2 protein chains.
Amino acid sequence: MRISELSRRSDVAVPTIKFYLREGLLPDGVLTSATQAQYDEAHVARLRLIRALVGPGGLSLAAVRQVIAAIEDPPAATHDLLGAALAAVAGQQPVRDHTQVHALLERWGWHADLEDCTRHDDLAAALAGLDDAGFEPPPGVLDAYAEHVTAIARREIEAVPTDSVATTVRYVVLGTVLLEPVMLALRRLAHQELSARRFRSAAP
Amino acid sequence: MRISELSRRSDVAVPTIKFYLREGLLPDGVLTSATQAQYDEAHVARLRLIRALVGPGGLSLAAVRQVIAAIEDPPAATHDLLGAALAAVAGQQPVRDHTQVHALLERWGWHADLEDCTRHDDLAAALAGLDDAGFEPPPGVLDAYAEHVTAIARREIEAVPTDSVATTVRYVVLGTVLLEPVMLALRRLAHQELSARRFRSAAP
């Protein structure tokens, strides 16, 4: 198909497609003349993936590039998969003080990679944000998060397909990035539902 | 204190502070000469709040403005609080097809505001992202999300302080925005923990 049809099929504007081509996020099409190229279903799928990652996934183009690289060139060892997925989506943050994070992980019995502190920066940054804003979570809320997030993660990890490395990587990387907005949207809707039950019933 | 000390105390650069002043996100200090102003602890607290919202909270300046407005000028009715919080952090997205969202909410017995579709756009967008990327969550994963996110939300809603409207609004708005990065960071760490247990034990 030509670029105009590719644009229509993927719902991505032609100038944006050209930008992704220049940036190497989308493979070149097959040239049919000096100014025209043909694209195929793989291009449609790739554009939809990029759209999902930069839209609901909220990733920067640099992170999209890393996600695509992780999917195309998966690491050899299965237990490195999560590392690749996490590295692809982790921000470039300064290394922070992890004292509070480590105390929490010890309390919950989470022992994986306690020595590899770079992976704890996201949580350290999030907890520092609470502190900066003068917001203290009520007692037990962080423990409840850990308990229920673990239950969710257990379901997800059990469901990871292991028939081929490529399938596993694709699943882990996309699951990490694309289910985050689902979880956030559900939390907001659950708040709304429970808030309506609590506060409306108390209204005069 | 002068702007240089305000910068040191809040860990926000002087040019950034001047930008927030021009944008009205930070109230003016008290002028002590034509070119100097004095700032107080309220300015330090506001700057730390803005830093937390634009950093781990990941909000745009426009959303920060709405969060601050919601905290400073809370809605009169308690059951509107969540609405104000959600409106402050919701993106400006086009209205999507909510058929799938409504089917899920019915299945879970979440009935609040089924008629007010604007609040379902985030979930609809997140589910559309899965679809775009060709990623289908395994059976039961969305239900597990709903179950455990509800348990988390219940703990949070029970903990909302109701001693004054201002306290309630501050709590709900900041809790909505600032606990999201905590939950995401915990999910990634839980994945890492469980993945290590599953895949490392299976390694030769």
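How many salt bridges are counted between chain A and chain B? The count is four, a salt bridge being a side-chain nitrogen of Lys or Arg within 4 Å of a carboxyl oxygen of Asp or Glu. The structure is a predicted model, in which local features need pLDDT of at least 70 and side-chain atom pairs count only at pLDDT 80 or more, while totals for chains, interfaces and linings use all residues. Residues are numbered from 1 along each chain as its sequence is written, chains are lettered from A and ligands numbered from 1 in the order in which they are written, and side-chain values use heavy atoms, with hydrogens and water left out.

The secondary structure of chain A consists of nine helices and two strands. These elements are DSSP runs numbered from the N terminus, with helices (H or I) of at least four residues and strands (E) of at least two. Along the sequence, the order of elements in chain A is α-α-β-β-α-α-α-α-α-α-α. Chain A has 204 residues, and 50% of them count as buried; buried means under 20% relative accessible area, exposed means over 50%, and partly exposed lies in between (1.4 Å probe, protein chains only). Contact is defined as heavy atoms within 4.5 Å. Among contacts in chain A between residues at least 6 apart in sequence, 56% join residues at least 24 apart.

The interface between the two chains was examined next. On chain A, 81 residues are in contact with 81 residues of chain B. The size of an interface is often given as the accessible area lost when the parts come together. Chain A and chain B bury about 8200 Å² between them, and 69% of this area is on carbon and sulfur atoms; buried area is the accessible area (1.4 Å probe) that two parts lose on being put together, summed over both. Between the chains, 13 residue pairs are in polar contact, both residues being at pLDDT 80 or more. A polar contact is a pair of N or O atoms within 3.5 Å; within protein, one must be able to donate a hydrogen and the other to accept it, and residues adjacent in sequence count only if both atoms are side-chain atoms.

Several helices of chain A, among them helix 3 (41-54), helix 7 (121-132) and helix 9, each supply at least two residues of the side that touches chain B. The largest share of this side, 28 residues, comes from helix 9 of chain A. By class, the side of chain A that touches chain B has 47 nonpolar, 16 polar and 18 charged residues. In this classification Ala, Val, Leu, Ile, Met, Phe, Trp, Tyr, Cys and Pro count as nonpolar, Asp, Glu, Lys and Arg as charged, and the others, Gly among them, as polar.

Glu180(A) lies in helix 9 (residues 165-202) of chain A. Glu180(A) counts as buried because its relative accessibility is 8%. The side chain of Glu180(A) makes a polar contact with the side chain of Arg188(B) at 2.7 Å. Leaving out residues up to four places away in sequence, Glu180(A) touches Leu184(B), Arg187(B) and Arg188(B). A salt bridge joins Arg188(A) to Glu180(B), with the closest N and O atoms 2.7 Å apart.

Thr150(B) lies in helix 8 (residues 141-158) of chain B and is buried, with a relative accessible area of 13%. Not counting residues up to four places away in sequence, Thr150(B) touches Ala190(A) and Leu194(A), as well as Trp110(B) and Tyr145(B).

Over all chains, the structure holds four aromatic pairs. Rings of Phe, Tyr and Trp (its six-membered ring) pair if their centres lie within 6.5 Å; planes under 30 degrees apart count as stacked, over 60 as edge-to-face and the rest as tilted. Trp108(A) and Trp110(A) form a tilted pair, with 5.3 Å centre to centre and 55° between the planes. Both Trp108(A) and Trp110(A) are buried. Phe19(B) and Tyr20(B) also form a tilted pair, with 6.0 Å centre to centre and 50° between the planes. Phe19(B) is partly exposed at 29% relative accessibility, whereas Tyr20(B) is buried at 8%.

Most residues other than glycine have a negative phi. Asp11(A) has a positive phi, near 60°, and lies in the loop between helix 1 (3-10) and helix 2 (14-23) of chain A. With a relative accessible area of 60%, Asp11(A) is exposed.
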